[in-house]
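User: I have a structure open and would like to go through some of its local features. Can you take them one by one?

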Amino acid sequence: MKLLLTVLVFLPLFAWAQDSTYTLQGRIQDEQARPIPGATILLLKNTKVLQGVVADSTGFFELHRLAKETYQVQVTALGYESYTSPSFFLNRSPWNLSVIKLQPSKNTDLKEVKITGKRPLIEHDLDKTIVNVENLLSSATSHVLETLEKVPGITVDTDGTIRLNGMSSVTVLMDGKPTYLSGRDLADYLRSLPASSLDRLELMTNPSTKYDAAGSALLNIKRKKERLQGLNGSLSTNYSQGWESRTNQSVSLQYTQQKLRLSGLLSHSKDGNQTREQVDRTFTKASGQSEAFVNLMNRSWLSGHSLTGKLEIEYAFTKKTSLSLELDYTHTPKREGLSYLSKRFAPELDSTGRGSIDAHSQRNNRGLSLHLQREFDRKGQEWTVDLTHWSYSNQSTQFLLNQSYDPHEVLGTDQRFRYDLPSSLLISTAKTDFTRPFASGGMLEAGLKWSHVTNDLDSRYYQRVDREFIPNYRQSNHFIYQESIRSAYVNARKNGKRWQAQAGLRLEQTGLKGEQRENPEVPASSFSRQYTNLFPSIFLSYKLDSTGTRSLTLSASRRINRPNYQQLNPFLFYLDNYSYTSGNPQLLPAYPQQFELKYQHNTIWGLSFQYNQFRDIIFQTTQAVGDIFITRPGNIANGRLLSLSAYASYNPFPIWTFMASGGFVHLAILPTQLYGQALDARLLTGRINVTNQLKLGKTWRAECTISYTGPSINGQRRSQSQYRINAGIQKSLWSNKASINLMVEDWLRSWVQREQTGSLGGATEFRTSRTDTRRIGLAFAYRFGKQTRNRSYSDAAQEEKGRVN
């Protein structure tokens, strides 16, 4: 921590001391002195293109980090004649080219514009990796959670835990906004969203201070947002079949006219899944002799529907001020079930159990977001305000049947229970951000944020007695959790000829309160905490050659992993005769420190070395109490994680694109005591993802992806390696306005989870889980409308900027 703060203080001084650079600026207009937004400006030196930029809504442009040289600029815009300036010698900053006026094109009969360029599957920025999901053929037949499983570096556990490069504390954002969901709630939400609505995924293993400090890594899910003039839209439908069938139908519409932009999305999906588990538990005496053996056969299933709607209204009051309103709604009725058969041997069969859980739920998610954006005369300077309110509600009822049989008795026992589980989650946030660029190539960002979360989980337990369900207050629980976070950050960035430096500091003050309401048999209890922390982050990048082909980046940050409300709830949940889960109100946040060194060779290949040091890491722990296993989270250990990652992208032939990514991870948990048992967990593992894409003529594409994930560790649990093969083919129709995809996923059905749980005091568990991963799917998508870029009152220029830089 001291080292990070010291470097943070002196790094900006070092970065600003680099060689001075020059800035070139100007304005593009037509003959009537009207601005031409979206005009493309190229900087030339001896006819060679050095930089490119797109004019903003006022026609203004600015180029940074220029040397004292002789240049020309070339300007092009749709419907206008191109313009090339006379040569000029740049010897002061800023150098103003004044107003460049373009003449109308002599041939204005423009029939069609075809965009043949395609973004690569994976792109790399200073502080993030970008995955362009539309380039994954398999995303056409998947929901969002399934698509995440296929992204290089991401794994999804059977309980919905998302891991990035081996790190389990991943914070998920939707369009830059935290979801505040975790575990099953997050998994259910991501299953309700069609992957066809996604634009890209942003993976951040060392996020900047602009983002919340929560999570060792960030995953930002960005949905598509068209910026086209007039009425445009798309239709899609897909069907896939495995053990269960899944379907999705969606329609999106966008209308943009001058100052107003309207967009909407409506989708309906049917989800189905199965999980088949075999669990073997062995209990031994102190002498090592086997004492008992328990076998569990579980089969769980899910069937549900989801209706998702989104409406966004954006209005530009002026060329520099706009306001947008976004409404989100998701309705998900669902039915889930679990059936199990248990047998206990000691050493002969002495008891048998059967049971089932039948659950019905109605989940409703509602969201309201306001976004105000104000731009200033200086290019890139802006002020934004965001207000958000989300409401998640779930009405769930579970019916449980538990039957036990003794071989020596004629009749067994029959127990029936019911859970009523109404819950609600309310989230309110307010934040403001300010960005100011400098003519010398630097930039300053600052902001404030406030958030408040209230989670109300009411677990009402009933036991059937004489055909009537009687409340059991001893096993009922009403838990209310509230959390408020107030934060402020400042982030500075400086661009030199070869150096690029960024440093930031974030202050967060957290206040939380957990309350267990009393009932006739359980007294009320509560806990509260207040803590304040500083979170610095540093990025330093250097171009190893004058063209910027090879670069080296060093980054460091301090983060926080807060326990979520589910982990803090002390209530004991019943799974089967031998398994329970519980929360832990005594959990404390963990504070990892992260360092990363990254080498990039253009977009062709790169290496990344990461070192994480953590204290009081939160792991799921399992305690054996007789024959019953109770799983709860705990701050169990200190340790470190080292990872070496690599990626490569290569085009051996114009029709063939080869992409590979992978790496090695070494996790070491320092020796500690857990329930009186020694826990010393160390693991060296690896992962690899290889994708081959082929262009078969002008309208056919094929794709094959092989994924391998090595052994993993989560506290006492060790999982074995997994692999799978996905393949697909796509046919484009009607001048690329439509497409048909055929996909086969995990066609060897090899994505099977096998794990072992140890350090249980004379007990060991082996678990094998098979889910509905082998599937065949068919998808159809169609885009319609006038595909013409909006030339006024939009941030289209901002969207296009990355294509020229």
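User: Which residue is the bridge partner of Arg718 in S46?
Analyst: Gln756 is the bridge partner of Arg718 in S46. Keep in mind that this is a predicted model.

User: How many bridges do S43 and S46 have, and in which sense do they pair?
Analyst: Three bridges, in the antiparallel sense. S43 covers residues 717-719 and S46 covers residues 752-757.

User: And how many bridges join S46 to S47?
Analyst: Six, and the two strands run antiparallel. S47 spans residues 763-771. Within that pairing, Gln753 has Ser769 in S47 as its bridge partner.

User: What is between the strands in the hairpin of S46 and S47?
Analyst: Five residues. In this hairpin Ser759 takes a positive phi near 55 degrees.

User: Over to S2. How many bridges join S2 to S3?
Analyst: Six bridges join S2 (residues 40-45) to S3 (residues 48-54), and the strands run antiparallel. Leu43 stands opposite Gln51 in S3.

User: Which residue in the turn of S2 and S3 has a positive phi?
Analyst: Asn46, with a phi of about 55 degrees. The hairpin has two residues between its strands.

User: What about S2 and S5, how many bridges there?
Analyst: Five, again with the strands running antiparallel. S5 is residues 70-76, and Leu42 stands opposite Gln74 in it.

User: Now the cores. Which residues in the largest nonpolar core touch the most other members?
Analyst: Leu148, Ile154, Ile162, Leu190, Leu201, Leu219 and Ile221, out of 45 residues in that core. The largest share of this core, four residues, comes from helix H3 (residues 183-191).

User: What does Leu148 touch?
Analyst: Not counting residues up to four places away in sequence, Leu148 touches Ile154, Val156, Ile162, Leu190, Leu201 and Leu219. Another core of 22 residues lies apart from the largest one, and its members include Ile36, Leu43, Ala55 and Leu102.

User: Which residues does Gly26 touch?
Analyst: Gly59, Phe60, Phe61, Asn96, Leu97 and Ser98, with residues up to four places away in sequence left out. As for Gly215, its C-alpha atom is separated from that of Gly26 by 42 Å, and the two are 189 residues apart along the chain.

User: And Ser342, where is it, and is it buried or exposed?
Analyst: Ser342 is in strand S21 (residues 321-345). Ser342 counts as buried because its relative accessibility is 1%.

User: What is Ser342 in contact with?
Analyst: Asn295, Leu296, Ser351, Thr352, Gly353 and Tyr578, leaving aside neighbours within four places in sequence.

User: Aromatics next. How many aromatic pairs are in the whole structure?
Analyst: A search finds 16. One of them is Phe376 with Phe434, whose ring centres are 6.4 Å apart.

User: Why is the pair of Phe376 and Phe434 called edge-to-face?
Analyst: Because their planes are at 70 degrees, and over 60 counts as edge-to-face. The pair links distant parts of the chain, 58 residues apart. Phe376 is in the loop between strand S22 (349-375) and strand S23 (382-405), and Phe434 is in strand S25 (residues 423-437). Phe376 is partly exposed, with a relative accessible area of 29%. Phe434 also counts as partly exposed, at 29% relative accessibility.

User: What about the rings of Trp499 and Tyr542?
Analyst: Their centres are 4.6 Å apart and their planes are at 45 degrees, so the pair is tilted. Trp499 lies in strand S29 (residues 499-516) and Tyr542 in strand S30 (residues 525-543), so this pair ties together parts that are 43 residues apart in sequence. Trp499 counts as partly exposed at 28% relative accessibility, and Tyr542 counts as partly exposed at 26%.

User: Which residues do ring pairs link into a cluster?
Analyst: Trp734, Phe780, Tyr782 and Phe784.

User: Last one. Where does the charged end of Arg276 sit?
Analyst: Over the ring of Trp243, 3.8 Å from its centre. Arg418 lies over the face of Phe469, at 5.5 Å from the ring centre.

Technical notes
Residues numbered from 1 in each chain as written. Predicted model: local features only at pLDDT ≥ 70, side-chain atom pairs only at ≥ 80, totals over all residues. Heavy atoms only, no water. Buried < 20%, exposed > 50% of the residue type's maximum accessible area, 1.4 Å probe, protein only. Contact = heavy atoms within 4.5 Å. Phe/Tyr/Trp six-rings, centres within 6.5 Å; stacked < 30°, edge-to-face > 60°. Lys NZ or Arg CZ within 6 Å of the ring centre and 35° of its normal. Pairing = 2+ DSSP bridges. Core = buried A, V, L, I, M, F, W, Y, C linked by side-chain atoms within 4.5 Å.
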